[in-house]
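Q: I have a structure open and would like to go through it step by step. Could we begin?

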Amino acid sequence: MASTAGQVIKCKAAVAWEAGKPLVIEEVEVAPPQAMEVRVKILFTSLCHTDVYFWEAKGQTPVFPRILGHEAAGIVESVGEGVTDVQPGDHVLPVFTGECKECDHCKSEESNMCSLLRIDPDRGVMIGDGKSRFSINGKPIYHFLGTSTFSEYTVVHVGCLAKINPLAPLETVCVLSCGISTGFGATVNVAKPKKGSSVAVFGLGAVGLAAAEGARVSGASRIIGVDLNSDRFEQAKKFGVTEFVNPKDHDRPVQEVIAEMTGGGVDRSVECTGNINAMISAFECVHDGWGVAVLVGVPHKDDVFKTSPVNFLCERTLKGTFYGNYKPRSDIPGVVEKYMNKEMELEKFITHEVPFSEINKAFDLMFRGEGLRCLIRMEN
């Protein structure tokens, strides 16, 4: 692979030319990595709802033409000046948020919100020189979340790469670079349910089921899944969910239903929908005295969280989390080892697979609400 180091690489990429229009497989030119950058050969990627959200460009700044994608796995092709953490041939997971290891957040044991490499969906260029590494006939194609994994080769800041065990199957662990780590970490790192405790999970998509998996691994005895789609319960059982509540089946707030089911409320709750009413329910359904609610879903920017201050005075705790509180470079290699040691299961999250040439089928599956994660295989 080193024979291409320092050269422009021509490869295939799925380009979003405009909002809501099918991606087009194009030949793009990928420039060599600059200082503190790494060029990665992507072998597997998957579609996350965040990709679809910014592809639709509803309610945010549209940045097109763009190469989307941020949940992936690949192999380092070449490195830019100053890069010492990884070298050609290393197996890596690109991550949409970074870890520079030098800012106050990175130095804090309590935060993973890197000041330099924090997620910025409006930025379509590299932070080093403000330019794109992708082009078609000299015209720049913009980056997405600093990763742009819907390309056979991409350029990423070294702080947004987790170097992982080369024995880990890339087609499986690729899902750890976004959604599964987000949900799993929200439970094990932030909610921290004790063995034998009760946990309510709001939203049973991939992130919510990862949160349920975290509760199962933690030894929770009751895991209550809350979703508006009752068809999801059967699948949710595979992730440890023991009971199911559909708010539409009740004529009172779901937090009251859960409090009655559990004798005063659950010990922990994890909200994975982004719906403001679900967030309020997730907080109000935890037990007074020790209950902890963790918010994972991203609400609309104009939403307002309303609850009585008495809920806090009665010793309920409300927390938020970003990427499961994992630092990408420091922590994600260890999460991969959890999978390798059979302490967590990942295969059950991958319900579909398509070749890169049929990437738009992954979007169709998501719109139909079918499956959890669709794996996109870059090489047929």
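Q: How many of the nine residues of helix 8 (residues 276–284) are buried?
A: Seven of the nine are buried, so helix 8 is largely enclosed by the rest of the structure. Buried means under 20% relative accessible area, exposed over 50%, and partly exposed in between (1.4 Å probe, protein chains only). Helices (H or I, at least four residues) and strands (E, at least two) are DSSP runs, numbered from the N terminus.

Q: What should I know about the model itself?
A: This is a predicted model, in which local features need pLDDT of at least 70 and side-chain atom pairs count only at pLDDT 80 or more, while totals for chains, interfaces and linings use all residues. Residues are numbered from 1 along each chain as its sequence is written, and side-chain values use heavy atoms, with hydrogens and water left out.

Q: Which residues of helix 8 are buried?
A: They are Ile276, Ala278, Met279, Ile280, Ser281, Ala282 and Phe283.

Q: And what covers the buried residues of helix 8?
A: The cover includes helix 7 (254–262) and helix 9 (310–313), together with strand 10 (198–202), strand 13 (268–271), strand 14 (292–295) and strand 15 (317–320). Contact here means heavy atoms within 4.5 Å.

Q: What happens at the start of helix 8?
A: There, a side-chain oxygen of Asn275 comes within 2.9 Å of the backbone nitrogen of Asn277.

Q: New topic: where is Thr147?
A: Thr147 sits in the loop between strand 7 (139–141) and strand 8 (153–157).

Q: Is Thr147 buried or exposed?
A: Thr147 is buried, with a relative accessible area of 0%. Beyond its neighbours within four places in sequence, Thr147 is in contact with Gly69, His70, Pro94, Val95, Phe96, Thr154 and Val156.

Q: Which backbone oxygen lies 3.0 Å from a polar atom of its side chain?
A: That oxygen belongs to Gly69.

Q: Turning to the nonpolar core, how many residues has the largest one?
A: The largest nonpolar core has 106 residues, and Leu93, Phe150, Val173, Leu176 and Leu346 have the most contacts inside it. Such a core is a set of buried Ala, Val, Leu, Ile, Met, Phe, Trp, Tyr and Cys residues joined through side-chain atoms within 4.5 Å.

Q: Which helix gives the largest share of this core?
A: Helix 5 (residues 206–218) does, with six residues.

Q: What is Val173 in contact with?
A: Leaving aside neighbours within four places in sequence, Val173 is in contact with Leu93, Ile164, Ala168, Val336, Tyr339 and Leu346.

Conventions:
A polar contact is a pair of N or O atoms within 3.5 Å; within protein, one must be able to donate a hydrogen and the other to accept it, and residues adjacent in sequence count only if both atoms are side-chain atoms.
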